[in-house]
Amino acid sequence: MHINIQLKLNVSNVLLLLSLLLILTAITSVSAVIHYPPSNELKRLLRDDVKRMFYHGYDSYMKHSFPMDELKPISCKGSDTFGKYALTYIDSLDALLILGNTTEFEKGVQWTIDNIQFNKDVNVSVFETNIRVLGGLLSAHLLAEEHMSTYTGGLLPLALDLGERILVAFDTPTGIPYGAVNLARGVLPGESSVTCTAGAGTFALEFGILSKLTQRPEFERAAKRAARSLWRYRSEIDLLGNHLDLITGAWTITESGIGTGIDSYFEYLLKAAIFFDDQDYLDIFEKAYRAIIRHVKKEHWYVEVQMSKANIVWPIYNSLQSFWPGLQALAGQFEDAFGTVKAFHTVWRRYGFLPEGYNLLSGGVHPGQRSYPLRPELAESLYTMYQNNKDPYFIKMGRDMVWTLSNQTRCECGHANIADVETHELEDKMESFFLSETCKYLYLLFDDSNMFINQSYVFNTEGHIFPMQYRFIAKDSLTTSNIRTKYDVPI
Ligand code: DMJ
């Protein structure tokens, strides 16, 4: 049967989709019965494989690209693809410490203090700069305070300077930030007033921590105003769209889901609620979560629906959705998360990677969405879920990831994006999140005794860790454990 999958889903296909989802769900359940205890030796071997991947990428970046932003692993060159702020280096700092490389971490902290400055005439993404660079600086600062005896706090003024340069983006009628700023000149005339939900609503952790560390409340206020403002524009059934105009609040893309363009908005609602003991964020998360389960979830999968009536628009699993089971586990919705992560894993098993888009109706890669840019989200969910009950099944799924990642993406000077999950053709690019997230989560998954899982940490959406003792909780009414209890009640 050939289905024109370029077309959006029409009503007559809905029944077909639901039948296919039932079949996919059945297949998933069958493949899920193989539980076996992974030996410590297997975990050690997998950990070593991940370490090799990390250092092949990191050392190659240092040799061929540093201090440029990103590595081109096939041509063995570097490129300034973001803000000319040594992106991969700053993004990797806390990962070095997690892998036990204190020397390189300390060197990196000192180099950053001595060499990085943000007063540059360069346009940057506010979202990416926040999660990768501000998040990286704040995480390294908090870790250096604990683990680096010679550290005297030099990363914090840098973080504050960067925070001020992106804060100007929030000066809008709705409080929803512009997507891009010029680091030296602020929001440039003619900057687009359309932004995506994730791009506008993923600041609570970094801005909140920056405010607490500097006693400058404007950051946390701006992040919360943006998150609340987005929520104010929700539909009557509590769904948000994907893109909106930040001057008027009108949605320009009204499709609602949990993946591309919206994902980390939900992630930060829950993580900010936990980290800052914040009831406002928790209230929004709770309502948003209920609406998603009710309208966006189909069997174990999630689709894209129209935000006002919840009719299905795109029957697509996109790779970015893969963070969701991990977030559900954090919210105590473990059983639900388990069904979904198993479903996602079947797609990994089929291709060896996750295509950017997998069409649930056709049962194949969605046209134009064939690549796998070394994304971390599935590993992130496996790591978070494994911490919950240490089920060896997650190690098995992580092993599947390491097998193809370590072999098929490796090239002369690093690890390369997969351009096509069916042919495994490579693209000359290594995303900074391959080191800061993909390798980090996989390493932690196989390292039960790592000091960074014996304590409590919250990860930002770029995988940067923030120690929970910096939660700055003023009252003890709400803790991680009673959030879990709260969400154990069926929603
Ligand atoms: C990362 O930059 C972050 O995880 C973000 O939230 C989503 N996209 C990439 C990884 O896929």
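**Exercise 1. Is Asp94 buried or exposed?**

Solution. Begin by placing the residue: Asp94 lies in helix α3, which covers residues 87-98, where helices (H or I, at least four residues) and strands (E, at least two) are DSSP runs numbered from the N terminus. Next, take its relative accessibility of 1%, and compare it with the cut-offs, by which buried means under 20% relative accessible area, exposed over 50% and partly exposed in between, with a 1.4 Å probe and protein chains only. Asp94 therefore counts as buried. Finally, list its surroundings: apart from neighbours within four places in sequence, Asp94 is in contact with Ser139, Leu143, Lys440, Gly463, His464 and Ile465, contact being heavy atoms within 4.5 Å.

The model is predicted, so that local features need pLDDT of at least 70 and side-chain atom pairs count only at pLDDT 80 or more, while totals for chains, interfaces and linings use all residues. Residues are numbered from 1 along each chain as its sequence is written, and side-chain values use heavy atoms, with hydrogens and water left out.

**Exercise 2. Describe the setting of Lys63.**

Solution. Lys63 belongs to helix α2, residues 40-64. With a relative accessible area of 68%, Lys63 is exposed. Although Lys63 and Gly78 are 15 residues apart along the chain, their C-alpha atoms are separated by 9.3 Å.

**Exercise 3. Work out how helix α13 is placed against helix α15.**

Solution. Two packed helices are described by the angle between their axes and the distance between the axes. The axes of α13 (residues 334-351) and α15 (residues 392-408) come within 11 Å and cross at roughly 25°; axes are lines fitted to C-alpha atoms, for helices over the stretch in contact, and angles run from 0 to 180 degrees between N-to-C directions. That makes α13 roughly parallel to α15, since angles under 35 degrees count as roughly parallel, over 145 as roughly antiparallel, 65 to 115 as roughly perpendicular and the rest as oblique. The residues making this contact include Phe334, Phe338 and Trp348 of α13, and Tyr393, Met397 and Leu405 of α15. Sorted by class, the contact of α13 with α15 has 9 nonpolar, 2 polar and 5 charged residues, where Ala, Val, Leu, Ile, Met, Phe, Trp, Tyr, Cys and Pro count as nonpolar, Asp, Glu, Lys and Arg as charged, and the others, Gly among them, as polar.

**Exercise 4. Repeat the analysis for helices α8 and α10.**

Solution. The axes of α8 (residues 204-214) and α10 (residues 263-276) come within 9 Å, crossing at roughly 30°. The two helices α8 and α10 are therefore roughly parallel to each other. Among the contact residues are Leu205 and Ile209 of α8, together with Tyr268 and Phe275 of α10. By class, the contact of α8 with α10 has 7 nonpolar, 1 polar and 3 charged residues.

**Exercise 5. In which order do the strands of the sheet containing β14 stand?**

Solution. This open sheet has 3 strands in the order β13-β14-β15, and their pairing is antiparallel; two strands pair if DSSP finds at least two bridges between them. At the edges stand β13 (316-318) and β15 (364-365), each with a single partner strand, so one side of each is left without a neighbour in the sheet. Between β13 and β14 (residues 357-359) there are 3 bridges in the antiparallel sense, and Tyr317 has Tyr358 of β14 as its bridge partner.
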